[in-house]
Amino acid sequence: MQLIAMLVFILTLLFQPFFSGKVIADTMDPEVSPTAEIQSATAPVNEPDPLDDLQANYFDLLEKYRQQEQKYIVAKGQFLQLNTLASQEQAIRETRTLIDIRADIFLLNLDMLSIILERTTGVPLENKSPQMVTLTLLKEKVQLHKVKNAESADRLAIDAEADQFISLFTELQRESYYTLGLIRMGRVQTAIDKLKFVRGAVFDHVMNQQLPVHIRSEKERGFAEIDRTIELLDQNFTPVRQQTLTKQNNSLNSDTKLSQALADTFAKMNQTVQFLEEIRR
Amino acid sequence: MTEDDIVSSLDQTRFSSEEPLFENGGISTSTQANQKEEKVPTKKPPKVVFAFIGIFSLMLILLIGLMMFINSSKKAPIVVQPSPSPSVIQVQQSDQIDQLFDELNSDIKNADPLENILPFPPVDADIRITPRQR
């Protein structure tokens with residue numbers, strides 16, 4: 001009996017680490033932190049982007065414009081055909097409503113352009129600030145046109161205001177495409193600046209490593225190639241940048257040409273990134 | 001010593017203090033219990049039990065030893081070519097460069113010239129009631 005008791009005691013001593021270890025492993029679950037819920041509850045909520053709301057309203061307004069445009073076309077056609085006072089009243093109402101929606105569309109468009117330009121880095125301040133002011137002035141002009149349209153009593157007043165609006169429309173078109181050009185140029189400039197910075201960081205990182213002589217020579221040749229590509233990139237981009245900053249891009253045609261001119265720069269940037277990723281390995 | 005004493009001393013079948021039973025009313029119960037206790041021998045475990053315990057212990061020790069050997073052989077890594085572990089600074093630099101690459105790729109994607117940032121509103125420039133006089 002004593003021997004059996006001693007045997008049981010020895011067995012307990014031998015197997016104790018296994019059982020105790022398992023119990024500890026069960027109680028300590030590394031995947032679920034006890035503070036996880038608290039951290040998620042107190043984490044700051046991301047603020048909604050005002051641009052998203054503007055964009056949603058913009059597309060809603062465009063849809064509304066399309067629907068109203070149909071009514072305007074019908075009412076105008078009826079007036080021109082029937083030439084009655086009732087049809088004229090209907091035409092005036094539908095025309096005034098359509099002009100009002102068009103004005104709201106331009107106001108939203110100018111708001112969005114202002115926000116995007118404000119957020120774009122890489123645009124020189126001497127170009128960005130005056131353009132922000134220009135966009136604000138344009139907004140005021142569109143607002144004034146909206147008020148005059150609402151106050152237009154008859155079809156002659158509406159038509160007179162429509163004639164005034166043509167010059168404003170041309171100005172809106174010119175400034176919108178110039179702003180878009182600045183934004184495109186600014187984004188490319190930002191990417192080029194970041195590319196040069198990353199090149200420097202990768203160079204420091206690679207050269208600080210203890211590398212055999214032949215591999216170090218290989219890396220140095222790789223960096224020389226990268227530097228040549230960056231130089232070509234700069235050479236391509238500089239005239240495009242200059243053209244954009246001097247307000248030569250102010251139409252749909254020039255915006256398309258700008259996109260084409262930036263395509264080569266864009267391709268070289270991607271190539272340089274690939275070289276950097278290769279050389280880093 | 002009488003002759004009877006001599007005979008009784010030579011008699012090896014009888015104890016000297018033995019008295020014939022039931023002559024003096026028998027032996028008392030306490031005395032009987034003590035005698036019974038004295039008479040019950042200590043029971044030793046059979047040798048088979050000892051052998052079983054011994055074999056079981058041996059098997060257990062062998063099993064534990066085998067498990068420890070298997071664990072140690074599993075944990076032992078197959079070292080083909082030892083490589084130097086990167087220093088903490090190098091690992092931090094590598095993480096920073098990863099982040100820089102992510103930011104760079106995001107900036108380049110943002111700079112895609114084919115992206116239609118914000119098209120000019122597709123609206124009619126000339127909205128009027130009576131047609132324009134040309």
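A: Start with confidence. pLDDT is the predictor's confidence in each residue, from 0 to 100. Over residues 19-44 of chain A, pLDDT stays under 50. For that stretch the model has 0 contacts beyond four places in sequence, where contact means heavy atoms within 4.5 Å.

Q: What is the mean pLDDT of chain A?
A: The mean is 86, and 83% of the residues of chain A reach 70 or more. This is a predicted model, in which local features need pLDDT of at least 70, side-chain atom pairs count only at pLDDT 80 or more, and totals for chains, interfaces and linings use all residues. Residues are numbered from 1 along each chain as its sequence is written, chains are lettered from A and ligands numbered from 1 in the order in which they are written, and side-chain values use heavy atoms, with hydrogens and water left out.

Q: How many helices and strands are there in chain A?
A: Helices (H or I, at least four residues) and strands (E, at least two) are DSSP runs, numbered from the N terminus. Chain A has 8 helices and 0 strands. Along the sequence the pattern reads α-α-α-α-α-α-α-α. Of the contacts in chain A with a separation of 6 or more, 81% join residues 24 or more positions apart.

Q: How do I read burial, and what share of chain A counts as buried?
A: Look at relative accessible area. Buried means under 20%, exposed over 50%, and partly exposed in between (1.4 Å probe, protein chains only). In chain A, 39% of the 281 residues count as buried.

Q: Is A:Q68 buried or exposed?
A: A:Q68 counts as buried because its relative accessible area is 7%. This residue lies in helix α3 (residues 50-82) of chain A. Leaving out residues up to four places away in sequence, A:Q68 touches A:E94, A:T97, A:L98 and A:I101.

Q: Where is A:N83, and is this residue buried or exposed?
A: A:N83 sits in the loop between α3 and α4 (85-119) of chain A. A:N83 is exposed, because its relative accessibility is 59%. Check its backbone too. Phi of A:N83 is near 55°, a positive value in a residue other than glycine.

Q: How many salt bridges does the structure hold?
A: A salt bridge is a side-chain nitrogen of Lys or Arg within 4 Å of a carboxyl oxygen of Asp or Glu. Over all chains the structure holds 18. One of them pairs A:K141 with A:E171, with the closest N and O atoms 3.1 Å apart. That pair links distant parts of the chain: A:K141 is in helix α5 (residues 125-151), A:E171 is in helix α6 (residues 155-207), and they are 30 residues apart.

Q: Which residue does A:R199 meet in a salt bridge?
A: A:R199 meets A:D227, at 2.7 Å from N to O. This pair also links distant parts of the chain, from helix α6 to helix α7 (residues 213-245), 28 residues apart. A:R199 is buried, at 19%. A:D227 is partly exposed, at 32%.

Q: Where do A:R228 and A:E225 lie?
A: Both lie in helix α7 of chain A, 3 residues apart, about one turn of the helix. A:R228 is partly exposed, at 47%.

Q: How do I read the contact between the two chains?
A: The size of an interface is often given as the accessible area lost when the parts come together. That buried area is found with a 1.4 Å probe and summed over both parts. Chain B and chain A bury about 4,900 Å² between them, 70% of it on carbon and sulfur atoms. B:F120, B:I127 and B:I129 supply 18% of the area that chain B buries against chain A, more than any other three residues. The contact takes 39 residues from chain B and 65 residues from chain A.

Q: What does B:F120 touch?
A: Its partners include A:Y58, A:F106, A:F169 and A:L172. B:F120 is in the segment after α4 of chain B. B:F120 counts as buried because its relative accessibility is 11%.

Q: How many salt bridges are there between chain B and chain A?
A: The count is 5. One of them joins B:R128 to A:D163, with the closest N and O atoms 2.5 Å apart.

Terms used: Buried area = accessible area lost by both parts, 1.4 Å probe.
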